[in-house]
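I opened this structure to look up its ring contacts and its nonpolar cores. My notes follow in the order I took them.

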Amino acid sequence: KKGTKLDVSGNHFDNFTKGLALLRKCIDKCSQVSRVYVPLIAGNHDTDSTNYLATALEEIFKDNANVEIDARRITRKYFKYGKNLIGLTHGDNIKMDQLPLIMAVEQPQHFADTSERIWLTGHVHHLQTKEFPGVSVRSLRGLADTDKWHFDNGLIGSKKHGSVTLFQHDEGLKSEFTCNIK
């Protein structure tokens, strides 16, 4: 978006194919025990590939009643689960402190019907949580290694990990599991 070039290992087609296979396997496993909602939200470096991925997953899972692929090409998505309202966005165009009010304006009924509200973002690639009245905003860590641009700009040393966040239907955020990546 801003012209920042990223280092990529391998070619685009192979990386896309591996990513699609990995997501398909994860979604398949999860759909065997539960309904699965998969919101695909493009980041500032992968808009096209995320949209292609969403379209492919939508086609793959079109006949699986346990899987909902949210392939809408919008930058903010919401999921209501019991007393939880979860907002999802990459976070590159909006400051963290704007997100609570945006949630209340875009989802007024869900906002009123829930007591636990959280945004999950990713753009800054480091773990950060800010509390606002009635809403938490959490930035998650990234998975990618430090590339040349990040190294040159001193954006180094962040731990890499993937996470699974579990919400209980009536009590909100219950637990989080992380997998550190070396």
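I started with a charge over a ring: Arg-117 lies over the face of Phe-111, at 4.1 Å from the ring centre. I note that the model is a predicted one.

Next I looked up the aromatic pairs, and a search of the whole structure gives three. One of them joins Tyr-78 and Trp-119 edge-to-face, with 5.3 Å centre to centre and 65 degrees between the planes. Tyr-78 sits in strand S3 (residues 76-81) and Trp-119 in strand S5 (residues 116-121), so this pair ties together parts that are 41 residues apart in sequence. I checked burial for Tyr-78 and Trp-119, and both are buried.

I then took Phe-79 and Tyr-81. Their ring centres are 6.5 Å apart and their planes are at 10 degrees, so I logged the pair as stacked. Phe-79 counts as partly exposed, at 29% relative accessibility. Tyr-81 is also partly exposed, at 33%. Ring pairs link Tyr-37, Phe-79 and Tyr-81 into a cluster.

Last I went through the cores. The largest nonpolar core has 14 residues, and Ile-27, Leu-40, Leu-57 and Ile-69 have the most contacts inside it. Helix H1 (12-31), strand S1 (36-39), helix H2 (47-60) and strand S2 (67-70) each give two or more residues to this core. H2 gives the most, with four residues.

Leaving aside neighbours within four places in sequence, Ile-69 is in contact with Ile-27, Val-38, Leu-40, Ala-54, Leu-57, Glu-58 and Phe-61.

Definitions and conventions: Residues are numbered from 1 along each chain as its sequence is written. This is a predicted model: local features need pLDDT of at least 70, side-chain atom pairs count only at pLDDT 80 or more; totals for chains, interfaces and linings use all residues. Side-chain values use heavy atoms; hydrogens and water are left out. A nonpolar core is a set of buried Ala, Val, Leu, Ile, Met, Phe, Trp, Tyr and Cys residues joined through side-chain atoms within 4.5 Å. Buried means under 20% relative accessible area, exposed over 50%, partly exposed in between (1.4 Å probe, protein chains only). Contact means heavy atoms within 4.5 Å. Rings of Phe, Tyr and Trp (its six-membered ring) pair if their centres lie within 6.5 Å; planes under 30 degrees apart count as stacked, over 60 as edge-to-face and the rest as tilted. A charge sits over a ring if NZ of Lys or CZ of Arg is within 6 Å of the ring centre and within 35 degrees of the ring normal.
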